[in-house]
Amino acid sequence: MSAQSATTGQVLEFALGAETYCVSIDYVTEIVDVGDLTQVPNAPRYVEGVMDLRGRTTSIVDPKVVFGIDDAGAGKRVIVFDPDIVKNQSAVGWLVDEVDQVVQITPDQIDGSPGNDAGSIHGVVKRDEAFVIWVDPAVVHSEA
């Protein structure tokens, strides 16, 4: 686990189907509306396609496929990550249903990851009456 992924602080919450997830805001470079995606032949199933973001070809990943979520959802927004988190240093974004908010979290709000051997789930954040799954995109993309 990288030092950056081990810290608490601000996270960006987003919806995948009926569930809420979050990532450390440190990883996020921008949030954009999904545009025209170009399909890439023989790409892995989790790659929805590529799009041009400010002159840079950006791979758009569907985290629902990565995490095995069966909800089709709207897929309206793209969270674009810092290229340094991806093992081959390419630009990547996640197709999400909605981007909710940036929130501050504290260590006492975080429970460990229940039964996640791969390490892509950093923990579960308890907020009010809801749970938010904290995912680590650096781990996700190191395994992809």
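A residue is called buried when its relative accessible area is under 20%. In this predicted model, Gln 109 has a relative accessibility of 19%, so Gln 109 counts as buried. Gln 109 lies in the loop that links strand E8 (98–104) to strand E9 (110–111). Beyond its neighbours within four places in sequence, Gln 109 makes contact with Gln 104, Val 124, Val 125, Lys 126 and Arg 127.

Six strands form an open sheet with mixed pairing, in the order E8-E1-E2-E11-E10-E9. E8 and E9 are the edge strands, each pairing on one side only.

E1 runs antiparallel to E8, and six bridges join the two; Leu 12, for example, has Val 102 in E8 as its bridge partner. E1 and E2 are also antiparallel and share six bridges, among them Val 11 with Ser 24 and Leu 16 with Glu 19. A hairpin is formed by E1 and E2, with two residues between them, and Gly 17 in the turn has a positive phi of about 65 degrees. E1 is mostly covered, with six of its seven residues buried.

The largest nonpolar core contains 19 residues, of which Phe 14, Val 23, Ile 79, Phe 81, Trp 94, Val 96 and Val 135 touch the most other members. At least two residues of this core come from each of strands E1 (10–16), E2 (19–24), E6 (77–81) and E7 (91–96) and from helix H2 (137–143).

Key:
Residues are numbered from 1 along each chain as its sequence is written. This is a predicted model: local features need pLDDT of at least 70, side-chain atom pairs count only at pLDDT 80 or more; totals for chains, interfaces and linings use all residues. Side-chain values use heavy atoms; hydrogens and water are left out. Helices (H or I, at least four residues) and strands (E, at least two) are DSSP runs, numbered from the N terminus. Buried means under 20% relative accessible area, exposed over 50%, partly exposed in between (1.4 Å probe, protein chains only). Contact means heavy atoms within 4.5 Å. A nonpolar core is a set of buried Ala, Val, Leu, Ile, Met, Phe, Trp, Tyr and Cys residues joined through side-chain atoms within 4.5 Å. Two strands pair if DSSP finds at least two bridges between them.
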